[in-house]
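Hi,

Here is the structure I promised to pass on. Have a look at it first, and then read on for what turned up.

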Amino acid sequence: MMDNLRAASNSVVLKVILALIMLSFVLTGVGSYLVGGSNSYVAEVNGQEIDRARFEQSVMNERARLQQQLGEQFSQLAGNEAYVKQMRQQVLNRMINDLLLDQYAAKIGMAIGDDQVKVSIQSSPEFATDGKFDNSKYRDLLNRFQIAPEQYAEMTRKQLLSQQLLAAFAGTNFSLPVETESVVALIQQQRDIRVASIDMKALEAKAEVTPTAAQVKAFYDQNKSRFTAPEMARVKYIEVDAAKLTDDIKVSDQEVADFYAKNKPLYIQAPRSSYSIIVLSKESDAKDVLAQLKSGGDFAALAKEKSLEKDSGAKGGDLGWLEAAAVPDDIAKAKLTEKGQLSDVIHSDMGYLVVRLNDIQAAKEKPLEDVKAEITKNLLQDKSYNKFEDIQTKLMDGAASNNLSLDAAEKSSGLKAVESGWLSRDNMPKELAYPEVVQEIFGGDLFGVKGAPGPNSDLITVEGDRAFVLRIVEHRPEAVQPFEEVSADITELLKRQNVTKMAREQADQLVAALKTDKGDEALQAAKVKFGDKKVITRMSDDAQLAESVFALPLPKDGKPSYGVSSDKNDNIVLVALDAVHPGQMDAASLKAFSAQMANQDSGVVLDALISNLRQQAKIKMGDLANVQ
């Protein structure tokens, strides 16, 4: 349910497509609540049990989700006992959270009836044909995803309950069991810890951590899909880059002059006028300024002193030279025609304006020197583009004249071909990383027989005025790598897994000793020592360690709480949690946070709710979860 609530808090509507519903179903293990079980339990929450059968089903669902999401990488992770225990712990935490929320909803009188579930399912567009509920389509889709109707109904019930719970949180008359201060105390909480590292280098030196040749080969045989090398190719290519063609292109002064002479109409300065303005907020102020100007007042000084328009005011009101099309309508309507002429007071969106026409320039021809740089740049671009087009034509002709080599293309274009290393679709060098080029390389049209080179490509044009002609030098289809090529990597992987397992076992033994009066003795014997105090927050850089620290129970009776974790370098560490400090905010920040929490941050509120419910709940862990 917790994941459903998070989804709802991000404005995801209940009637999502079936695929997304299925993902949420697998993620939260909702279906596991429908699986029967024995009298054994993995946890007891306020007297209500989570039995082993339901828990193991949820773990299976989570494994399936991770396998689909991570693919081959999950096989490696699944071989790590510490990772598997962490995954099982996360599943159990979710199930406990779900059960707490179910209990809380029941306590405050929230419930979803069978009729509501039925209406929701029958109104879902995924099950509709021509706008009406289609029972055959409903059954077909559920069968396709192997979901029993009662399981889907139960999941729909939980999603509707999630929506109802969130709606209650959003309601103005609903009282949360935690105040804003409690949320802040939780989110910004700091924890004092000490960390002791297990000496994994010492464990690496032990002979028993090195896998045997038989174990390495067995791992390879059981995980061949992990060692599939992607389709690869080596190519030879010629690139034409228009930007690089300007290096040896020159534009002479005579060419510039000739172009200027033939295109003088392009370089005529249109008539333009220079204006200055003063902007005021009141009409009476504007009339007063206008009177001062008519009495000989200094326009620039008055603009700097009084104008509300700061940019022009800083320049004495000057707007610069404006062609007729650029003159604002309010100024144009004043119809000023003589140098120094003042407008009457003009009412505009800016306020009240007083405008002066400073000067007028008639149309005139721009001198060659004023436009020489512009003409030179344009001529250079034209020459570059023409050369680019010419080289492309020569390149195409050369590649077509000898379709089994780039020699003729090199000779005709004057460009040298470049040979690449081995490339794959996901490992392309920057100079070739264009979708058009990748598709041409791996599309199949350029492959010869049995990996031999095929024909030259056609001209491939890409963004940025670039073009390529290429050919395949050598091609390797996707294939499982030979054992000899990967055996060393497998050996290191299995060795690391064995070291991690041994380190985890040692850490678990030390934690057990620390919970008795033999902790110091055990640490000394293992040559493990806790470091200095560190302060950890939820936003600490080492997210893996922070997650473990915030999952530890609170210290009691002045004694630390101990646990086992791994740091960001995947080293196994012991953690001693010495103290917990509630987060704090100043009054202004607290007020802003409270508004944000009320308006949009339902996810934060739900985190606080779950934390509060867990603190108040009686949670008893069974011996069957295998999460410690």
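**Charges over rings**

Lysine 217 sits over the face of phenylalanine 483, 5.7 Å from the ring centre. Keep in mind throughout that this is a predicted model. There is another charge over a ring too: the charged end of arginine 476 lies over tryptophan 422, at 4.0 Å from the ring centre.

Helix 11 (residues 213-222) packs on helix 20 (residues 483-514) at an angle of about 110°, and their axes are 9 Å apart. The cut-off for roughly perpendicular is 65 to 115 degrees, so helix 11 and helix 20 count as roughly perpendicular to each other.

Helix 13 (residues 283-294) and helix 14 (residues 299-306) are another pair to look at: their axes come within 10 Å and cross at roughly 160°. Angles over 145 degrees count as roughly antiparallel, and helix 13 and helix 14 are therefore roughly antiparallel to each other. Their crossing is right-handed. As for the side chains, Val289, Gln292 and Leu293 of helix 13 meet Phe299, Leu302 and Lys306 of helix 14.

**Aromatic pairs**

How many aromatic pairs does the structure hold? The count is 11. One of them joins phenylalanine 127 and tyrosine 152, an edge-to-face pair with 5.6 Å centre to centre and 80° between the planes. Phenylalanine 127 is in the loop between helix 6 (114-122) and strand 3 (128-129), while tyrosine 152 belongs to helix 8 (residues 149-170), so the pair ties together parts that are 25 residues apart in sequence. Are these two residues buried or exposed? Both phenylalanine 127 and tyrosine 152 are buried.

Phenylalanine 133 and tyrosine 138 pair as well: the ring centres are 5.7 Å apart and the planes are at 50°, so this pair is tilted. Tyrosine 138 counts as buried, at 8% relative accessibility, whereas phenylalanine 133 is partly exposed, with a relative accessible area of 29%. Ring pairs link Phe127, Phe133, Tyr138 and Tyr152 into a cluster.

**Loops**

Asparagine 46 has a phi near 50°, a positive value in a residue other than glycine. You will find asparagine 46 in the loop between strand 1 (41-45) and strand 2 (48-51), partly exposed with a relative accessible area of 40%. Lysine 335 also has a positive phi, near 55°. Its loop runs between helix 16 (329-332) and strand 11 (346-348), and lysine 335 is exposed, with a relative accessible area of 66%.

Aspartate 445 is in the loop between helix 19 (435-442) and strand 15 (460-462). At 65% relative accessibility, aspartate 445 counts as exposed. From aspartate 445 to proline 455 is 10 residues in sequence and 8.1 Å in space, C-alpha to C-alpha.

**The whole chain**

The protein chain has 24 helices and 21 strands. Of its 628 residues, 40% count as buried. Among contacts with a separation of 6 or more, 73% are between residues 24 or more positions apart.

Cheers

Definitions and conventions. Residues numbered from 1 in each chain as written. Predicted model: local features only at pLDDT ≥ 70, side-chain atom pairs only at ≥ 80, totals over all residues. Heavy atoms only, no water. Phe/Tyr/Trp six-rings, centres within 6.5 Å; stacked < 30°, edge-to-face > 60°. Helix = DSSP H or I, 4+ residues; strand = E, 2+ residues; numbered from the N terminus. Buried < 20%, exposed > 50% of the residue type's maximum accessible area, 1.4 Å probe, protein only. Lys NZ or Arg CZ within 6 Å of the ring centre and 35° of its normal. Axes fitted to C-alpha atoms, helices over the stretch in contact; angles between N-to-C directions. Parallel < 35°, antiparallel > 145°, perpendicular 65-115°, else oblique. Left-handed = near helix turned anticlockwise from the far one by under 90°. Contact = heavy atoms within 4.5 Å.
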